[in-house]
Amino acid sequence: MTDSQRWMVLSLILLTTLLIYLLKSILMPFLVGILLAYLGDPSADALERKGLSRSWAVCVVFGIFTLIFVSILVVMLPILGKQIVAFTESIPSMLAWLQQKTMPVVQSILSENTKLIDLDQIKVAVANHWQDAGSILTQLVKKMTASSVAMVTVITNMMIIPVVTFYLLRDWDNLMEKIRDLIPQNVAPTVVRLAKESDEVLGAFLRGQLTVMIALAVIYAVGLKLVGLKFALLIGLIAGLASVVPYLGPAVGIVVAGMAALIQFPDYWHLLGVLAVFSVGQLLEGMWLTPWLVGDKIGLHPVAVIFAILAGGQLFGFTGVLLALPAASVLMV
């Protein structure tokens, strides 16, 4: 690549970054649509190979996406909202249990006169403000509905997402061909090779690791529900999503679920049940989920994922969060 071409690429990157910053308030529905089309394109291609036309294949994939979204909205969201409120209400009792059961032991080991944490103040503060924490969604809805313009914007964005997803998914292969035709012939082989490598990295994470995270969330939630925990869905979801970093998900899940089990039940059998659930989840992840869904593709490093998401959110808000992983994949390649 010549110096003039390098400067052209750098200028294009800077111009793109500037446009993203200026248009970040309207980009969200388009980026979500692009992401969903990217995730659904392999399934649509597979259905095409089985004999369906592109339009019918897209309709099937789009219908599956719609069914999943409606199921989450109608079934999961109310249950999850109730568990979040109930969990927030139980935080003071958890802190009280922690102070009564564990702090005396820790303090006696270190020093009789050492006071590590003033849990009384924490408990009072949480008890005084848990209502605010538990009504975050309510306050957000009130702020959105307070402005008719903001409400119209939200509704418009929600309507744009399925439209963008459908048309991008239908024309995805044609769009990729047209983009390839726009690349100068002298650099086309290099650009195509780098694009394929970037797609492998991003695809390994989005289609592989995210699927593993969702599967683990389901395994943890169902297992904890069988154990009898009240907050099984919430804890399972948190532990599954935290599995983006190796061993963080089960570590967080065991601590939170273990404390909830000890508070909810007066025995240690349920604590053993919690440990069994996360042990089974880790065995399934290591022996079946990760080899099958991710394979030997090299995904993004967990630290890179965390930094990319935080940096994108800090610079461009929710738009930056959506762009963080694709940008990190390209930079990694």
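Analyst: Helix α9, spanning residues 232-242, is mostly covered, with eight of its 11 residues buried. The model is a predicted one, and the values below are computed from it. The buried positions of α9 are Ala232, Leu233, Leu234, Ile235, Gly236, Ala239, Gly240 and Ala242.

A partner of α9 is helix α10, residues 248-264; the two axes lie 7 Å apart and the helices pack at an angle of about 160 degrees. Because angles over 145 degrees count as roughly antiparallel, α9 and α10 are placed in that class. Their crossing is right-handed. On the α9 side the contact is made by Ile235, Ile238, Ala239 and Ala242. On the α10 side it is made by Leu248, Gly249, Val252, Gly253, Val256, Ala257 and Ala260.

Helix α8 covers residues 188-227 and helix α11 covers residues 269-293; their axes come within 9 Å and cross at roughly 155 degrees. The pair α8 and α11 is therefore roughly antiparallel, and α8 passes α11 in a right-handed crossing. From α8, the residues that meet α11 are Gly208, Thr211, Val212, Ala215, Leu216, Ile219, Tyr220, Gly223, Leu224 and Val227. They face His270, Gly273, Val274, Val277, Phe278, Gly281, Gln282, Leu284, Glu285, Leu289, Thr290 and Leu293 of α11.

These helices belong to a chain with 13 helices and zero strands. Buried residues account for 30% of its 333 residues. The chain exposes about 20900 Å², of which carbon and sulfur atoms supply 72%. Among contacts between residues at least 6 apart in sequence, 71% join residues at least 24 apart.

Two individual positions illustrate contacts elsewhere in the chain. Asp41 is found in helix α1, residues 3-49, and counts as buried because its relative accessibility is 8%, where the limit is under 20%. Leaving out residues up to four places away in sequence, Asp41 touches Arg54, Leu169, Trp172 and Asp173. Gly320 is found in helix α13, residues 318-332, and is buried, with a relative accessible area of 2%. Beyond its neighbours within four places in sequence, Gly320 is in contact with Gly312 and Gly313. The C-alpha atoms of Gly320 and Leu27 are separated by 9.9 Å, although these residues are 293 apart along the chain.

Aromatic rings complete the account. The count comes to four aromatic pairs. One of them joins Phe166 and Tyr167, an edge-to-face pair with 5.5 Å centre to centre and 85 degrees between the planes. Phe166 counts as partly exposed at 22% relative accessibility, and Tyr167 is also partly exposed, at 44%. Ring pairs link Phe62, Phe166 and Tyr167 into a cluster.

Technical notes: Residues numbered from 1 in each chain as written. Predicted model: local features only at pLDDT ≥ 70, side-chain atom pairs only at ≥ 80, totals over all residues. Heavy atoms only, no water. Helix = DSSP H or I, 4+ residues; strand = E, 2+ residues; numbered from the N terminus. Buried < 20%, exposed > 50% of the residue type's maximum accessible area, 1.4 Å probe, protein only. Contact = heavy atoms within 4.5 Å. Areas by Shrake-Rupley, 256 points an atom, 1.4 Å probe, with all protein chains shown as cover. Phe/Tyr/Trp six-rings, centres within 6.5 Å; stacked < 30°, edge-to-face > 60°. Axes fitted to C-alpha atoms, helices over the stretch in contact; angles between N-to-C directions. Parallel < 35°, antiparallel > 145°, perpendicular 65-115°, else oblique. Left-handed = near helix turned anticlockwise from the far one by under 90°.
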